[in-house]
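Please have the sequence and the structure open while I speak.

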Amino acid sequence: MSDALASLRQALPAGIAPHYGADHAFIPWAYQGALLAEFARSRSIAPEEWLHRCGVVPGQALSARQLLSMLAALQPLSRDVGFVIGQLSLPGHYGLASQALQQAGDLRQALRVLCDWPARLSPLLTPRLIQTDDELLLVWTEACGAPPSLQPLLVDMQMGAVVAMAQWLGGGRALPWTFSFNRTRPRELSQHAAYLGPDLHFGCQVDAMRLPLAAATVPWATAATGRPALAAGALAQGADPEAAWRGQLAALYDHLLAEIGGQPSLDRSARRFGVSPATLKRQLAQLGTHHQAQLDQVRAHAALYLMTLRGQRGEAVARSLGFQDKSNFRRSFRRWTGMTPGML
């Protein structure tokens, strides 16, 4: 294992974390469900008809698929739906996980809380925090599948949520974020500029937010100086075990990242999850993907990390990813990203 990849893997959970599928109802209605219902009410949407169409019963726990259905029904209301909901999302009212965010001493600590307890704070997209010598990188990956038409809304919503949380808990201070989007540039950028800021980059290979480390480690005035983060301690002791769950695609991403440089395969992944290859293949198909696509994504992310953040050249990256031949790596990289390593 290369030292560079070891640093990328250090934030992975030990082993396979408990995970949820798209139809696992584990999200309390009082959390994201109530938030979306209140937003719909503010836009004069009759809750009974809207929730019935989404297959949702108020008060009952929600699955990720039901939450996605609620968002899909709200999406046509306006172009800024994702950003507005995002501004209301964090720290949120999600029990101990939200309390842990509010008890963080600075933004870096808050982002670690966000990544440690994703099932409560971000059940539809999984945040991953990478720290270099001088900056933080927050990468967003799929939790358990979402229709392509909803992906932009989810990314905008979660990025907007982090920006709004950082500004609120940081005493109103605007931060020099840089944003990368894995989609083409929209015709109209006014909403992105208004809610996120001007440093926007489209046509990238990842959905990510970057921030100078110095800006992320300024102590927050709202932090309880000298008092331990009681909520984070309670979560670490298992007070809300579901908070650490990960979506099935996020758990597979973790496993494949740990396998990079070796011989990742559908059979090995199936054994790791304790199911047959046919079952895992079927589960992934239900989430709108397949094993090779997930493996390609992880390899592409690892290659981009090694080249852009660690400054490695193509031959070293090929070795780190388990390629015996540099030309094979070059062809694969072009298939993953549409670019050659030299173009990058």
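Predicted model: local features only at pLDDT ≥ 70, side-chain atom pairs only at ≥ 80, totals over all residues.

A search of the whole structure finds zero disulfides, where a disulfide is taken as a pair of cysteine sulfur atoms within 2.5 Å. The sulfur of cysteine 54 lies 16 Å from the closest cysteine sulfur, that of cysteine 144, which is too far for a bond. Cysteine 54 counts as buried, at 10% relative accessibility, and cysteine 144 is buried too, with a relative accessible area of 2%; buried here means under 20% relative accessible area, exposed means over 50%, and partly exposed is in between, with a 1.4 Å probe and protein chains only.

Residues are numbered from 1 along each chain as its sequence is written, and side-chain values use heavy atoms, with hydrogens and water left out.

Let me move to the nonpolar cores, a core being a set of buried Ala, Val, Leu, Ile, Met, Phe, Trp, Tyr and Cys residues joined through side-chain atoms within 4.5 Å. The largest has 80 residues, of which Trp50, Met70, Leu107 and Trp177 touch the most other members. Helix α9, residues 151–169, gives the most to this core, with eleven residues; helices (H or I, at least four residues) and strands (E, at least two) are DSSP runs, numbered from the N terminus. Apart from this core lies another, of 36 residues, among them Leu257, Leu284, Val298 and Phe333.

How many cavities of 30 Å³ or more does the structure hold? There are two, a cavity being a set of points, on a 1 Å grid over the protein atoms alone, where a 1.4 Å probe fits but cannot get out, and its lining residues having an atom within 4 Å of a point. Grid points are joined across faces, edges and corners, and a volume is the space filled by probe spheres set on the points.

The largest cavity has a volume of about 150 Å³, and of the 15 residues that line it, Gln32, Leu67, Ser89, Met157 and Gln158 are the closest to its centre. Helix α2 gives the most to that lining, with three residues.

The second largest cavity, with a volume of about 30 Å³, is lined by Leu107, Ala166, Gly170, Arg173, Leu175, Ala215 and Trp220.

Note on methods: 1 Å grid on protein atoms, 1.4 Å probe; cavity = no way out; pocket = protein on both sides within 12 Å on 5 of 7 lines; lining within 4 Å.
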